[in-house]
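My notes follow in the order I took them.

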Amino acid sequence: MSGFSRRSFLHASGLAFLALAVRRLAALGRPRPVDDVPWKVQQVLKQLFGDRQVQDGHVQLDVPTVAADGRVVPVMIESDLPMATDRYVKAVHLLVDNNPDIHLAEFRLTPQIGQAFVSTRIKMRMTSPVRAVIETSDGALWGAAADVRVTVNGCG
Amino acid sequence: MALDLGAARILVPTGIRRGDVIDVRALVEHPMATGLFRDAAGNPIPAYFINDVSVTYGEQEAAHFVWSSGISRDPFVEFSLRADREAELKFIWKDNRGGVFTQTADIKFVT
């Protein structure tokens, strides 16, 4: 009997297909690398932070994969960075690439806010990456981004 | 939908102990018009949104938010707060037409 039977081939191809499908599903709403930034967003980042680079990590951005209504998209930003009196998260910035106003909001925090966590609801014009950038008191920048598919325009 | 402009609610948990990190939720009723929509007659609806939110805990400012019209209608925000003293938590929302809306909540510890 040959080592490569019809049955084993079918098994193998089935598994391969499944693996691909799972990867496709996992890729949706998956965080995307922060360095993949369009020019218009780079300009906004430059205006906000100058030449400081945004690093990947320390930020957890929770957004829906598909937002049925672009007028109300829940966003949650969380970080494991400390909120001590000497080292804390100074600001949380929220940017949406394809919105008329890319820099959507800034949340300035103090050590009184015991944990770096902000949640709100935003409007989105169309399918777009959503970015969260966290600025610490010592000037470091940490970011995360995720794609949100929007079916109904919420910006006009 | 009827809009009660400036009506605001703050939700803080009950049974707070000293030093707890609590969740604070706040909502204010506001149209948050972007200025990009038109009404049924085709006239543009002018921009009208809250762009500045200040949260003070006792005497000190604990957080300050700078918003654009990209925040949804009836803006809602949730964040944490280290409750280390009994004091008043005060929200001041300001919109781009000079409107000011305030609401307070008392942070009280269980004995």
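**The sheet across the chains**

I started with a sheet of six strands, which is open and runs in the order 2(A)-4(A)-7(A)-5(B)-2(B)-1(B). Its pairing is antiparallel. I then looked up the edges. Strand 2 (59-62) of chain A and strand 1 (8-11) of chain B stand there, each with a single partner strand, so one side of each has no neighbour in the sheet. On average, neighbouring strands of this sheet are turned by 15° against each other, direction ignored. I am reading a predicted model here.

**Confidence**

I checked the scores before going further. The predictor gives the complex an ipTM of 0.90 and a pTM of 0.81. For chain B the average pLDDT is 91, and 99% of the residues score at least 70.

**Chain A as a whole**

I counted the elements next. Chain A has two helices and nine strands. Chain A has 156 residues, and 37% of them are buried. I also looked at sequence separation. Of the contacts in chain A with a separation of 6 or more, 69% join residues 24 or more positions apart.

**Strand by strand in chain A**

Which strands pair with strand 4 of chain A? I found strand 7 of chain A, paired with strand 4 (residues 73-79) in the antiparallel sense over six bridges. A:Val75 stands opposite A:Thr120 of strand 7 there. I also found strand 2 of chain A, which runs antiparallel to strand 4 and is joined to it by four bridges. In that pair, A:Leu61 has A:Ile77 of strand 4 as its bridge partner.

Is strand 4 of chain A mostly covered or mostly open? I noted that five of its seven residues are buried, so by the cut-off of 20 or more other C-beta atoms within 10 Å the strand is mostly covered.

**Where A meets B**

I went on to the interface. In chain A, 27 residues are in contact with 25 residues of chain B. On the chain A side, the elements that give two or more residues are strand 6 (103-109) and strand 7 (117-122). Strand 6 of chain A has the largest share, seven residues. I sorted this side by residue type and got twelve nonpolar, nine polar and six charged.

I then followed strand 6 of chain A across to chain B.

**The nonpolar core**

Which residues touch the most other members of the largest nonpolar core? They are A:Val92 and A:Ala132, in a core of 58 residues. Strand 9 (residues 141-150) of chain A gives the largest share of this core, six residues.

I listed the contacts of A:Val92, leaving out residues up to four places away in sequence. A:Val92 touches A:Ile77, A:Phe107, A:Leu109, A:Val118, A:Ala132 and A:Ile134. Two of these names were already in my notes.

How values were computed: Residues are numbered from 1 along each chain as its sequence is written. Chains are lettered from A and ligands numbered from 1 in the order in which they are written. This is a predicted model: local features need pLDDT of at least 70, side-chain atom pairs count only at pLDDT 80 or more; totals for chains, interfaces and linings use all residues. Two residues are in contact if their C-beta atoms, placed from the backbone, lie within 7 Å. Ala, Val, Leu, Ile, Met, Phe, Trp, Tyr, Cys and Pro count as nonpolar, Asp, Glu, Lys and Arg as charged, and the others, Gly among them, as polar. Two strands pair if DSSP finds at least two bridges between them. Axes are lines fitted to C-alpha atoms, for helices over the stretch in contact, and angles run from 0 to 180 degrees between N-to-C directions. A residue is buried if 20 or more other C-beta atoms lie within 10 Å of its own, exposed if 12 or fewer, and partly exposed in between; C-beta atoms are placed from the backbone. A nonpolar core is a set of buried Ala, Val, Leu, Ile, Met, Phe, Trp, Tyr and Cys residues joined through C-beta atoms within 7 Å. pLDDT is the predictor's confidence in each residue, from 0 to 100.
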